[in-house]
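Please read the following briefing alongside the sequence and the coordinates. It takes up charged pairs, then strand pairing, then the surface.

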Amino acid sequence: MTSTDPPAHACDSPGDHPAPDDDRSALDDNRSALDDRKDHLLRALADLDNMRKRYAGELRRERAAERSTATAAWLPVLDNLERALAHADADPNVIVAGVRAVRDQAVEVLDRLGYPRRDEVGVPFDPARHEVAAVVENTGAPPGTVLEVVRPGYGDAERQLRPEAVAVSGRQDGVAVSGRQQD
């Protein structure tokens with residue numbers, strides 16, 4: 001070997017290189033496998049898109065069914081309000097009793113729909129359930145006690161339509177509603 005000859009490698013012998021036909025065959029096999037994977041991926045994407053569309057349609061149908069159920073629950077309340085209006089010229093005491101009955105019916109519907117009425121007095125203020133409408137000072141009640149419900153709340157801890165609006169006891173001997181000392 002002369003100094004101008006390239007160094008010999010173990011794979012430089014004629015039997016170590018694959019034949020051109022072998023390269024084409026391997027390339028064709030790789031292309032075929034790639035085409036199969038591409039086809040599989042496209043089918044999976046089409047299946048996913050079809051499933052998304054199917055679930056969106058099912059969700060629309062379920063929402064419509066829930067709206068119908070909730071609306072149907074309110075129809076008797078509406079019927080009784082119309083009956084009360086039809087007797088508007090009657091004795092005011094009878095009308096008031098009828099309106100109270102309709103209100104009770106509406107509260108019952110909300111409860112059946114999963115939103116019970118909350119209007120507790122004498123309980124500690126809870127910012128997750130209550131909204132302060134007024135603070136009354138020097139009431140004799142411990143600070144932060146609900147003294148009056150200004151507007152009832154509906155729902156529970158997991159599902160709340162709205163919090164109770166309440167009047168709470170405030171400062172008593174320098175202690176604020178939050179329980180911290182006032183300056």
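In this predicted model, Arg52 and Asp49 bring their side chains together in a salt bridge, with 2.9 Å from N to O. The two residues lie 3 residues apart in helix 1, so about one helical turn separates them. Asp49 is partly exposed, its relative accessible area being 29%.

**Salt bridges across the chain**

- The structure holds 10 salt bridges, one of which joins Glu164 and Arg118, whose closest N and O atoms are 3.6 Å apart.
- That pair links distant parts of the chain, since Glu164 belongs to strand 6 and Arg118 to strand 1, 46 residues apart.
- Are the two partners buried or exposed? Glu164 is buried, with a relative accessible area of 0%, and Arg118 also counts as buried, at 10% relative accessibility, because buried means under 20% relative accessible area.
- Arg118 and Glu164 are linked with Glu120 and Arg129 in a network of salt bridges.
- A salt bridge also forms between the side chains of Arg151 and Glu131, at 3.7 Å from N to O, and this pair again links distant parts of the chain, with Arg151 in strand 3 and Glu131 in strand 2, 20 residues apart.
- Arg151 counts as partly exposed at 28% relative accessibility, and Glu131 is partly exposed as well, with a relative accessible area of 39%.

**Sheet with the order 2-6-3**

- Three strands form an open sheet in the order 2-6-3, and their pairing is mixed.
- Strand 2 (130–136) and strand 3 (146–151) are the edge strands, each of them pairing on one side only, while the twist from one strand to the next averages 30°.
- Strand 2 and strand 6 (residues 164–169) run parallel and are joined by 6 bridges; Val136 has Ser169 in strand 6 as its bridge partner.

**Sheet with the order 1-4-5**

- Another open sheet has 3 strands in the order 1-4-5, with antiparallel pairing.
- Strand 1 (117–118) and strand 5 (160–162) stand at its edges with a single partner strand each, so one side of each is left without a neighbour in the sheet.
- Strand 1 pairs with strand 4 (residues 153–155) in the antiparallel sense over 2 bridges, and Arg118 stands opposite Gly153 in strand 4.

**Nonpolar surface**

- Leu41, Leu42, Leu45, Leu48, Met51 and Tyr55 make a nonpolar surface patch of about 570 Å².
- Leu42, found in helix 1 (residues 20–86), is partly exposed, with a relative accessible area of 49%.

Methods
Residues numbered from 1 in each chain as written. Predicted model: local features only at pLDDT ≥ 70, side-chain atom pairs only at ≥ 80, totals over all residues. Heavy atoms only, no water. Pairing = 2+ DSSP bridges. Helix = DSSP H or I, 4+ residues; strand = E, 2+ residues; numbered from the N terminus. Patch = residues over 30% accessible without salt bridge, like charges linked within 9 Å, V, L, I, M, F, W, Y side chains within 5 Å. Areas by Shrake-Rupley, 256 points an atom, 1.4 Å probe, with all protein chains shown as cover. Salt bridge = Lys/Arg side-chain N within 4 Å of Asp/Glu carboxyl O. Buried < 20%, exposed > 50% of the residue type's maximum accessible area, 1.4 Å probe, protein only. Axes fitted to C-alpha atoms, helices over the stretch in contact; angles between N-to-C directions.
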